[in-house]
Amino acid sequence: MLSLHSAQQRQRRPGGPRIGMAIAGGGPAGAMYELGAVRALDEALVGLDLTRLDAYVGVSSGAFLVAGLANRIGTEEMCRIFITGDSGDVRFQPEKFLRPAVGEYLHRVSRVPRVLVQTGLDLVTPRRGRWTRLLHRLGGLVPTGLFDNAELERFLREVFGRRGRTNDFREIDAALYVVAVDLDSGEAIRFGDAGWDDVPISRAVQASAALPGLYPPVALRGRHFVDGALRRTMHASVVLERDIDLLLGVNPLVPFSAQDGSAAERSLAVGGLPVVLSQTFRTLLQSRMQVGLARYAQQYPNVDQLVFEPNPQDGELFFSNAFSFASRRRIAELGYRNALADLRRNADTLRPLLAAHGIGLDERVLADEGRSILDGLPPPRRDTDTTARLRRALDDVEQRIADRRPRPEGRRRPVV
C-alpha cells in the first residue's frame, strides 16, 4: 500500500536533488518487513544508492536499518545477515536478543522486603487511600522489560566497529538521526543532532528500540529512554527539515482487517489481550502517521513523499513469529512483494516523479511478478577486514570522481 504525495513545485539544485529516508518501528516482525520493502526499492529504483542518501531517520527497528544503510551496509548484505545466514561478515543469532533481563528481574526482587514491610504497616494502620498505595507498590515489583537489550547494543557496536564502518554519528557522511523518547518527560530526543551526536550509534539504537514491556528503558546521562514511536510513528519531519526533495518511507504498522477472504469469520478478540493490544497499537500509530503525512504535504509542498506500508489483509505479518528463521524470511518476502506490487501498480505516476530526481524504474524487475527477495542476491563475498576496508576506500574514490562529472540539470545520478 503506497501513500504518495507529489510535490507542488520541485526545486532545481546545481548539485542535484537531495533524498532522505524515514523508517518507522515495528518490532522484530516489522524490521523484517521493512528489510524486504527496502530491498525491493534497492532493486527496482535505478540510479539510486540507498547507502548514499542525504539524510536518514529511524525509529525502533527502523533505526536498526537506517544505521546500517548510513554505514554503507547494503540491502544485499542485510539479507544475507538476517535471512539467508550466509554473510561472510556478520553472524546473526536471534536467540541472543531473547535472553531474559536477569538484572532487571533481580533489581525488582530486591525491592520485595521493603514493599512487604510498607504493606504491613499500611494494613495495621488503616489510612485513606491505602489500597491505591498498595497497588502502586506492587506495580513497582513488575519488571519493565522481559528481555535484555544490552545484547542488541553489543551486536551493533561490534558490526559498526570494523571494516571501515563507524559507531560515531559525527563520522557518518550523511545526516543520520535515531529517535527515542525520554520516559520521565515524554520528550523526543534526536540522537545524531547537536548535543546528542556524541552518543554511540549502537546505544542510540538500543534506546530507540526499547519497546516498553519487551525491553527495559535505556539509561543515558541520568535519563531513561524508550521506543521513539511513543511520540511519532516515523518522525519523517526530521529529514524533511533537512531541505530534501524526495522522501522514501516505510511503515510496517497498519491495523489488520479481518473482514476479507477466509478471515471474514475470524474475530481478533479470540486471540486475547496481546492481539487486541497489537491491533489497538497499530490503529493508533497508522492513524497518527496519516495525519502527519497530510500535514507534511502542506508544510513541505516542494517535497515528493513516497511511504510504503503493508496491506490491511496481510495476516501473515500480523500473526507471524518473527523470531523463527522461517518466519523472518516469509515476512521479508511479503514486504518485498508488496513494495514491488506498489511500484508496479503506480508505475505510470511514478516514472515522471522519480525521473525528476534522476531515478528510473527497472522494468525487468517490475515485469517479473514471481520474483523472490533472494533472486537478485549475488554470491556472498568472503572479504577480510583489510580487503573490505580497501574496497570501501576505492568505492569512495570512485564516488568522488563520479560526483565531479557534469550531469544534466536536475539529475542527481544518471538513469541507467
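**Close-up 1. Phe191 and Trp196 are both buried.** In this predicted model, the rings of Phe191 and Trp196 form an edge-to-face aromatic pair. Their centres are 5.5 Å apart, and the angle between the ring planes is 90°. The pair is edge-to-face because planes over 60 degrees apart are counted that way. The count of aromatic pairs comes to eight.

**Close-up 2. Four phenylalanines, Phe64, Phe82, Phe92 and Phe155, form one aromatic cluster.**

**Close-up 3. Helix H2 (residues 61–70) packs against helix H7 (residues 150–160).** Two packed helices are described by the angle between their axes and the distance between the axes. For H2 and H7 the angle is about 10° and the axes are 11 Å apart. The two helices are therefore roughly parallel to each other, because angles under 35 degrees are classed in this way. Six of the residues in the contact of H2 with H7 are nonpolar, one is polar and none is charged.

**Close-up 4. Ser60 lies in the loop between strand S4 (55–59) and H2.** Its phi is positive, about 55°, although Ser60 is not a glycine. Ser60 counts as buried because its relative accessibility is 4%, and buried means under 20%.

**Close-up 5. His235 is placed in the loop between strand S8 (223–227) and helix H9 (237–240).** His235 is not a glycine, yet it has a positive phi of about 55°. With a relative accessibility of 5%, His235 counts as buried.

**Close-up 6. Gln206 is part of helix H8 (residues 201–208).** Seven of the eight residues of H8 are buried, so the helix is largely enclosed by the rest of the structure. The buried residues are Ile201, Ser202, Ala204, Val205, Gln206, Ala207 and Ser208. Gln206 itself has a relative accessibility of 5%. Its side chain is joined to the side chain of Asn149 by a polar contact of 3.3 Å. Leaving aside residues up to four places away in sequence, Gln206 touches Asn149, Ala150, Leu152, Glu153 and Val218.

**Close-up 7. Pro380 is found in the loop between helix H14 (363–367) and helix H15 (385–404).** Pro380 is partly exposed, with a relative accessible area of 28%. Not counting residues up to four places away in sequence, Pro380 touches Arg80 and Asp86. Pro380 and Arg80 are 300 residues apart in sequence, but their C-alpha atoms are 7.8 Å apart in space.

**Overview. The protein chain that holds these sites has 15 helices and eleven strands.** Of its 416 residues, 52% are buried. Among contacts between residues at least 6 apart in sequence, 78% join residues at least 24 apart. The contact of Pro380 with Arg80 links two residues that are 300 apart in sequence.

Methods: Residues are numbered from 1 along each chain as its sequence is written. This is a predicted model: local features need pLDDT of at least 70, side-chain atom pairs count only at pLDDT 80 or more; totals for chains, interfaces and linings use all residues. Side-chain values use heavy atoms; hydrogens and water are left out. Helices (H or I, at least four residues) and strands (E, at least two) are DSSP runs, numbered from the N terminus. Buried means under 20% relative accessible area, exposed over 50%, partly exposed in between (1.4 Å probe, protein chains only). Contact means heavy atoms within 4.5 Å. A polar contact is a pair of N or O atoms within 3.5 Å; within protein, one must be able to donate a hydrogen and the other to accept it, and residues adjacent in sequence count only if both atoms are side-chain atoms. Axes are lines fitted to C-alpha atoms, for helices over the stretch in contact, and angles run from 0 to 180 degrees between N-to-C directions. Angles under 35 degrees count as roughly parallel, over 145 as roughly antiparallel, 65 to 115 as roughly perpendicular and the rest as oblique. Ala, Val, Leu, Ile, Met, Phe, Trp, Tyr, Cys and Pro count as nonpolar, Asp, Glu, Lys and Arg as charged, and the others, Gly among them, as polar. Rings of Phe, Tyr and Trp (its six-membered ring) pair if their centres lie within 6.5 Å; planes under 30 degrees apart count as stacked, over 60 as edge-to-face and the rest as tilted.
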